[in-house]
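Reader: I have a structure open and would like to work through it. Can we take it in short steps?

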Amino acid sequence: MGPYLLRRLLQFVPVLLLVSVIVFSLSYHMPGDPVRLLMGQNADPMAMEAKRHELGLDRPFHEQYLSYMGKVVLQADLGISYAKKGKGVRELILEKFAVTLRLAVLATLLSVAAGVAAGVLSAMRPYSWVDYLSILLALLGVSMPVFFLGFLLFAFVAPAVGLPVSGFEDASLWTQFRSLLLPALALGALETALLARLTRATMLETLSQDYVRTARAKGLGEWPVVLKHGLRNAAIPIVTVVGANLGGLLVGAVLTESVFALPGLGREIVQAIAQRDRELIAGGVLFMAVIFVTMNLLVDLTYAWFDPRVRLDR
Amino acid sequence: MRLSVGSVGPFLLPVALAAGALWLGWGSGDTGPAVFVQDLRAEPGVLRIGITSNPPNLDPVEMSDTTSDSVVERICNTLVSFDEHLRLVPSLAESIPEVSPDGLVYTFRLRRGVKFQNGRTMEAGDVRYSLQRLAEPISKRFWIVEPVRGATAARDAMARNSRGDPQAPIAGIETPDPLTVRITLEKVQPLFPMFLAMNNASIVAREEVQALGQRFGRQVSGTGPFRLVEWKDNDRLVLERFDGYFEGPAKLRSVVYRVITEEETRFQSYLNGELDVIEAPYGNVRRIRGSNIGDQLRVNPMLDIRYHGFNMERVLRGPGGEVVPLGGNPESSPGEPVRLTGDQRRRARLLRQAINYAIDREFLCTALLEGRAVPAKGVLPPGMEAYDPGLAGYRYDPARAKALLAEAGYPEGRGLPEIPYNFNFQPPNPTVAQAIQSMLLRVGVRTRLRQMDWGAYQTYLDEGKATFFRLAWIADYPDPENFLYVLFHSKNKGQEGNNARFVDPENDRLLEEARSTVDPVERKARWRRAEAYIVEQAPWAFLYHNATALLIKPYVKGMVLTAMDSGAEIQQVDLTKVTVEAGAR
């Protein structure tokens, strides 16, 4: 496991370096002048040059990049947003990511619960109406874009059950749950569908194994057979997919956050692009890249833990 | 394979349910008056307003957008302000300023005992400090104090400072005692008190600004009825009542601005009882008017103008690279200068006039904008002093447009290259652009639509790259000067207001004459003359004057809209008189 871990960590570094170069390069070349934002449009050109020098913004690209990355790596300092009047980029990202993280975790929990349950029921009664219904819902979940599903939830579900349709209230755990339930349903629909289909296929294969037949022959009830012998053995690919998807949900909730006006990181970065907030764009995209790559790494390590053959893969 | 009912049976129920639900949702608008399910539970004492964007900056001298302006309006005060009829009334000043016989010296007597939100009493020194901030390099509204003696010198002296620290004094602002401010102008400017009613001229406490530096733009404070207690970017701003407000505490306990970019989400949040005031969604006004929430709709005419500007510095190029004049400035196409002949400038004007005649404004206002706009004959909106109801303007006349096009040398549009047509993608701009594109095509003028986000669009306009572009102007103060002088004088070319970059000595002369005239009757006549000249030269396609269409919950009382309120920001509404009572479901 040690050499595998080391190899994966070594792959992690160049990916992040490449991402950081691309992100920094894009923000470096973005139109807009931070010094003008700081000093105002009527500032004296010489005073602006002095300020530019003081902030190191007149140095060559590679020097600015190294200085930026030095601060990021050594101090976790992502700089300040000039467009937001000196607010810290790290502080802003963490504030917004807290919402995105809660949304992604709730969406994952809901989709695992619904997707696995639907998959198990389908596998227990293949080609029955339960199976057809599950397949149909899975098809809808896969096909329906999040904004469309969001509007259906607005129009039909929210008024009926008294849930809010926009924003995030963090007063208590209950109000947080209420704010996030509809967005989590919309965000998790695709994953629910994928998990339902995956669980069904894996369970069908597992339930046809000899050891399951043996368990049944020993007189075990249907549910213990399905849950203990079937689901436990079918769990490995499910866990892998859930882990990989969680990374995707953490960085890919932009549409859901926009439709439900949730103050998450994805929506914040989209707004930052519209507002030409280059420091926030660079910091936010870099942060998302780290999260995504880390999640993938964790999934790979988990997979290797479950299945030793993966570690031998050269 | 043949499908039997049995093989598809399990799918039928959910499919039918889904189809039924969609049919119900979509069909309701066409089969009779729409019925919206709505929640009417209020949060007593709290006004929740849905706004479209995060305010970029709340420092009064740095702000230039209506969202920031509306928030600052609640937190700060100015020496004078506008009442609901847009008359100038005293605010922090005890009365309207005394003016010296030569019209150069304004004396403001301040109210006694006005408290800042930090507890300190406001004095004349705070007024001087706040007005001098308008000459600092960060200020976006230097022109407010520009008429004051010594303002330009102070601005130049401060240009080398990072944020105007130390602040250079403006010689014309004096404080003979703690409750008197005397302001001396370089030359007569009858509108100067109106300039001081703009929120950019808000009075703030020096110690707060100096302690916070650029963060003052995020933690602004003043003497107003509400104070900022929370600002979560792109999410919400929460204001709480300031009990020490000099006119007595507001009736509302709190004002919450919720930032919701998506129009449909805002509307659903309103219906779901999460918001009390929003701008009515475009394309739905007619449906709402006839529905069960029709009585919540308030359509309020605004002092504004929506227009499409021609960049007067640009020319088009034909297939062989030949010059096709569109802008009419003598010197065109910066970077690739072309000196237009008199005949080319005449042809350019004919082309711009043809485009004006080809646009069916009635259709835009009634069909597309559902009656929330009136066609523009010129620049000044109805209700503005000097508005000329007799101005002919450009009525829809495709035959005339074709004739002018032919006279300009492009019969049926032959020889005329495609015109790049820029706009930002907020509603209703894309719909309006598509309609105008089709109207122009009918007379032979081809355009290429270019849609951009607002940030990129602003930069594109500021750099003078747009050829034919959408823009709007909402009054800062109710005077023709704010439209005609700001938007067309060559001195304001570019981002100062004259985005069409219109440079015409005769026009400048007419505008300056009108601006410096004190006699109201003569002044009005001169503004009309200047407007007629501008309409004749057609540096814009003059489109329409908009109205704000708001949805306001019935339990919100005391909200008096003015002609300077745009969108849900309702920046001129006096919120101290507004109440939110307990509503019922």
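**Strands of chain B**

Author: Start with two strands that run antiparallel: β5 (residues 105–109) of chain B and β7(B), joined by five bridges. Keep in mind that this is a predicted model.

Reader: Which residue stands opposite Val105(B) in β7(B)?

Author: β5(B) and β7(B) run antiparallel. Val105(B) belongs to β5(B), which covers residues 105–109. Its place opposite in β7(B) is taken by Thr184(B).

Reader: Strand β6 (residues 173–177) of chain B also pairs with β7(B); which residue of β7(B) does Glu174(B) stand opposite?

Author: β6(B) and β7(B) pair in the antiparallel sense over three bridges. A hairpin of two residues joins β6(B) to β7(B). Across from Glu174(B) stands Arg182(B).

Reader: Which element gives the largest share of the side of domain 1 of chain B that touches domain 2 of chain B?

Author: Domain 1 of chain B is made of 5–53 + 223–302 + 548–580, and domain 2 spans 66–209. In their contact, 26 residues of domain 1 meet 22 residues of domain 2. The elements giving two or more residues to the domain 1 side are β8 (226–232), β9 (236–241) and β10 (254–259) of chain B. The largest share, three residues, comes from β8(B).

Reader: How many residues on that side of domain 1 are nonpolar?

Author: Sort that side by class. Nine residues are polar and two are charged. The nonpolar count is 15.

Reader: Which element gives the largest share of the side of chain A that touches chain B?

Author: The contact takes 40 residues from chain A and 41 residues from chain B. Elements giving two or more residues to the chain A side include α6 (129–143) and α7 (146–161) of chain A. By class, that side has 23 nonpolar, nine polar and eight charged residues. The largest share, six residues, comes from α7(A).

Conventions. Residues numbered from 1 in each chain as written. Chains lettered and ligands numbered in written order. Predicted model: local features only at pLDDT ≥ 70, side-chain atom pairs only at ≥ 80, totals over all residues. Domains from an automatic or database assignment. Contact = placed C-beta atoms within 7 Å. Helix = DSSP H or I, 4+ residues; strand = E, 2+ residues; numbered from the N terminus. Nonpolar A, V, L, I, M, F, W, Y, C, P; charged D, E, K, R; others polar. Pairing = 2+ DSSP bridges.
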